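This briefing goes through one structure topic by topic. Keep the sequence and the 3D view open while reading.

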Amino acid sequence: MPRIGVFVCQCGNNISSTVDTAKVAEEMSKLPGVVLTEDYKFMCSSPGQDMLKETVAKNKLDGIVVAACSPHMHEKTFRKAVEKAGLNPYKCEIANIREQCSWVHHDTTKKIGTAKSIDLTRMVLERLKRNKNLTKISIPVNKRALVIGGGIAGIQAAIDIADGGRDVILVEKEPSIGGNMAKLSETFPTMDCSQCIMTPKMVEAELHDRIQLYTYSEVEKLDGYIGNFSVTIRKKARFVNEDLCTGCGDCWNKCPFKADSEFEHGLTKRKLIYTPFPQSVPNIPVIDKERCPKILKDKCGLCEKVCQPEAIDYTQEDEIVVEEVGAIVVATGYNLMDEARFAPYGYGKLKDVINGLQFERLASSSGPTGGEIQRPSDGKVPESIVFIQCVGSRDESKGVSYCSKICCMYTAKHTMLYKHKVHDGQAYVFYMDIRSGGKRYEEFTRRAIEQEGAMYLRGRVSRVYEKNGKLMVQGADTLSGSQVVIEADMVVLATALVSRQGADSLAQKLGIGYDKHKFYSEYHPKLKPVETITGGIFLAGSCVGPMDIPESVSMGSAAASKVQALFSADMLDREPITSKVREETCNACWDCVTACPYVAISKKEIKNRKGEVIRMVANVNDGLCTGCGTCIAACRSKTIDLAGYTDEQVYAALNAF
Amino acid sequence: MRIKLQNSNIGSEFVKYIERISGETAMRCYQCGNCTGGCPVSYKMDHGPSQIIRLMQIGQDEEIQKANSMWVCVGCMQCYSRCPQSVSAASIFESLRAQALRSDGDHTEIAELPKEFLKNAPQQAIVCGFRKFVS
């Protein structure tokens, strides 16, 4: 016969105003197996916990029900208390008679509340009688980290983890780390030169003893679980031997062929053997295999001839590397929305209509014009530029519903950059709202308007067309209620920030969630902003949503600190509430494998004595399983059960109702 | 209203002149509308105080001069006391009136006023009239 104690909490008057707690305790004492009941004012208080501990020890109780608030609040508290009294913590269960009872029933005669509390507590009691002793699952932690994405968020995360004394692998898709920030000219609101603050970080990452760079590489596959991931990385063929190359530049100087530069967003050309930009990290070129005639049809080969260290290797192939890590930081960043969708603004058709990142390159001293603002069509210095905000943002019909957040600030910055470089130039900005929330941001936009002479017009632009060599921008100024037409020399579109191309397929590989815009989902948008639903995988930067530099850096550091916390223990404790497979009855339909949102179920071979495979069964990885129960609902043969919530327990609870 | 906005509109000579004699900067205004909201007579104006400042920002000189707004303003300074950016619409209106009178042939020469009229008119009315219509 079990020896169970039931403790009913009054929670001041939170529970007792609509529930007769003494009556609940009295009813419970009549049930078989209950040896003791208590009606107490605040169970969670220190005296309450002490009373619980003493009672458990003195009466040799083997199970506890605390009828109190939601288990989200104090399940941990009470389980710890009974553990100290020598009981298995999973022999303590909570009956929620506050959130699910006293707070929703306003009957002060306490009739309804009391009756429901009795039912709820009795159900939990019956479940508890069938509880088994469970022990926390302990898994080892591999203390190396993987960072995916070498933009500012990823670099920050990598440096912080490495500074904490852990090895980091930094994987970057492009030939150089640096990401979008490396393209910027100056950064708001302090107007410091982006490259001046970015390149030291890049070099720090390159030279750090504990950081291993994989540039021009992509994550192909992820296996394993928190603390024990196995990552398959594809190192794309550079056709240049990284160990031999000195980065002298002879090859790209001699290469006779050109293609549009991705880094300069098509504003200028690059060679077919190239580094994206002069400060590339590492300073090792790649060959554009889609276009290089040597690779396509075995013609040319000039780079090989001029390369003194003989680093060029046309036979190089993609290399597959497998790395073992314990935690992952995903920092894959953003893309700008494809402006082709916005035909009325003429992007792609009118040469002098460019996007924000292109303007950054025009204004950058290392850009195609050496920092002089020249319009792309004829190199003329524009006398007027119209900046159009919210292109694609806040546009449910053609673009995205969300606000891209950084455009208000970078457009204000653009107007200043333009004014600083072209003193008699006039900047016009069409905006819907100026959203400048952030430290010193509002002052920055006001400065653009009041001191730097930017003309702000409140309204959307309807269309941009060409007339007599000028760009006619037709929009509205809703502040004066008028239609406005401006003759401009150049138009800059602040196009929406969207998730990185391929963000969804990477999420599927990693087993993390994403929203309808393919931005990665946080575990909790407020309280767990860098965690994902998958243990051991963290997020940083604008792969979560539009974000500026300070936010991305903070998030990179935050993710790093989460990784450090995970790495601070040798073994990792996990809740033992996981799915268990009864191998005898599993018929290998694999519905559970498809159903599991955490990719925790795999196929296991059952072998006979001779080592021959006789059948296959489902196998749950305790490290990955979160105990959500989806597989149990999917299982047709009732083969899977959840420890702590077995079918037997759940039915017993239902039957007690 | 359809506006063809040109670089010359921004900070036009007219706007600069008004800004100089009023001591106000039109670009300081961020169009919250508090002045128009609090003005006791804005409902009688063609354009409220905030709209007049907006028209200054986008250099619509004619529209400003055409509007009755400056003549309706009583100079109570409510607009200025409420303005978060410390722009005095009242000062701008006063400057607009002064500009209108200075440039307009239709202003009153004190010397030409009939003696009989001056004899019978209340003193305060003459002072106020001088203040508002003579510059």
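In this predicted model, the exposed residues A:Ser505 and A:Gln508 sit on the face of helix 14 of chain A that is turned away from its buried side. The buried residues of that helix, which covers residues 503-510, are A:Ala503, A:Leu506, A:Ala507 and A:Leu510. Seen down the axis of helix 14 of chain A, these buried residues fall within an arc of 105°, so they line one face of the helix.

**Helix 14 of chain A and its surroundings**

- An α-helix has 3.6 residues a turn, so residues three or four places apart point the same way.
- After helix 14 of chain A comes A:Gly511, which has a positive phi near 75°.

**A sheet built from both chains**

- An open sheet is formed by 4 strands in the order 24(A)-25(A)-26(A)-1(B), and its pairing is mixed.
- Strand 24 (461-467) of chain A and strand 1 (2-5) of chain B stand at the edges with a single partner strand each, so one side of each has no neighbour in the sheet.
- On average, neighbouring strands of this sheet are turned by 20° against each other, direction ignored.
- Strands of a sheet pair through backbone hydrogen bonds, either parallel or antiparallel.
- Strand 24 of chain A runs antiparallel to strand 25 (residues 470-477) of chain A, and 6 bridges join the two.
- A:Arg463 has A:Gln474, in strand 25 of chain A, as its bridge partner.
- Strand 24 of chain A and strand 25 of chain A make a hairpin with 2 residues between the strands, where A:Asn468 takes a positive phi near 50°.
- The pairing between strand 26 of chain A and strand 1 of chain B is parallel and has 4 bridges.
- Across this pair, A:Ile486 has B:Leu5, in strand 1 of chain B, as its bridge partner.

**Where chain A touches chain B**

- How many residues of chain A are in contact with chain B? There are 16 residues of chain A in contact with 16 residues of chain B.
- On the side of chain A that touches chain B, helix 13 (441-450) and strand 26 (482-488) of chain A each supply at least two residues.
- Strand 26 of chain A gives the most to this side, with 6 residues.
- Sorted by class, the side of chain A that touches chain B has 6 nonpolar, 6 polar and 4 charged residues.

**Chain A as a whole**

- Chain A contains 18 helices and 34 strands.
- The C-alpha trace of chain A spans about 95 × 75 × 45 Å along its principal axes.
- Of the 657 residues in chain A, 47% are buried.
- Taking contacts in chain A between residues at least 6 apart in sequence, 71% join residues at least 24 apart.

**Domains of chain A**

- The domain assignment divides chain A into domain 1 (4-129), domain 2 (143-228 + 320-333 + 503-571), domain 3 (237-317), domain 4 (335-498) and domain 5 (579-655).
- The centres of domain 1 and domain 5 of chain A, taken over C-alpha atoms, are separated by 33 Å.
- Where these two domains meet, 5 residues of domain 1 of chain A are in contact with 4 residues of domain 5 of chain A.
- By class, the side of domain 1 of chain A that touches domain 5 of chain A has 3 nonpolar, no polar and 2 charged residues.

**Chain B**

- Chain B has 9 helices and 1 strand.
- Along the sequence, chain B follows the pattern β-α-α-α-α-α-α-α-α-α.
- The box filled by the C-alpha atoms of chain B, taken along the principal axes, is roughly 50 × 30 × 25 Å.
- In chain B, 31% of the 135 residues count as buried.
- Of the contacts in chain B with a separation of 6 or more, 64% are between residues 24 or more positions apart.
- Chain B is divided into domain 1 (7-104) and domain 2 (106-135).
- The C-alpha centres of domain 1 of chain B and domain 2 of chain B are 26 Å apart.

Note on methods:
Residues are numbered from 1 along each chain as its sequence is written. Chains are lettered from A and ligands numbered from 1 in the order in which they are written. This is a predicted model: local features need pLDDT of at least 70, side-chain atom pairs count only at pLDDT 80 or more; totals for chains, interfaces and linings use all residues. Two strands pair if DSSP finds at least two bridges between them. Axes are lines fitted to C-alpha atoms, for helices over the stretch in contact, and angles run from 0 to 180 degrees between N-to-C directions. Domain bounds come from an automatic or database domain assignment. Two residues are in contact if their C-beta atoms, placed from the backbone, lie within 7 Å. Ala, Val, Leu, Ile, Met, Phe, Trp, Tyr, Cys and Pro count as nonpolar, Asp, Glu, Lys and Arg as charged, and the others, Gly among them, as polar. A residue is buried if 20 or more other C-beta atoms lie within 10 Å of its own, exposed if 12 or fewer, and partly exposed in between; C-beta atoms are placed from the backbone. The arc is that of the directions from the helix axis to the C-beta atoms.
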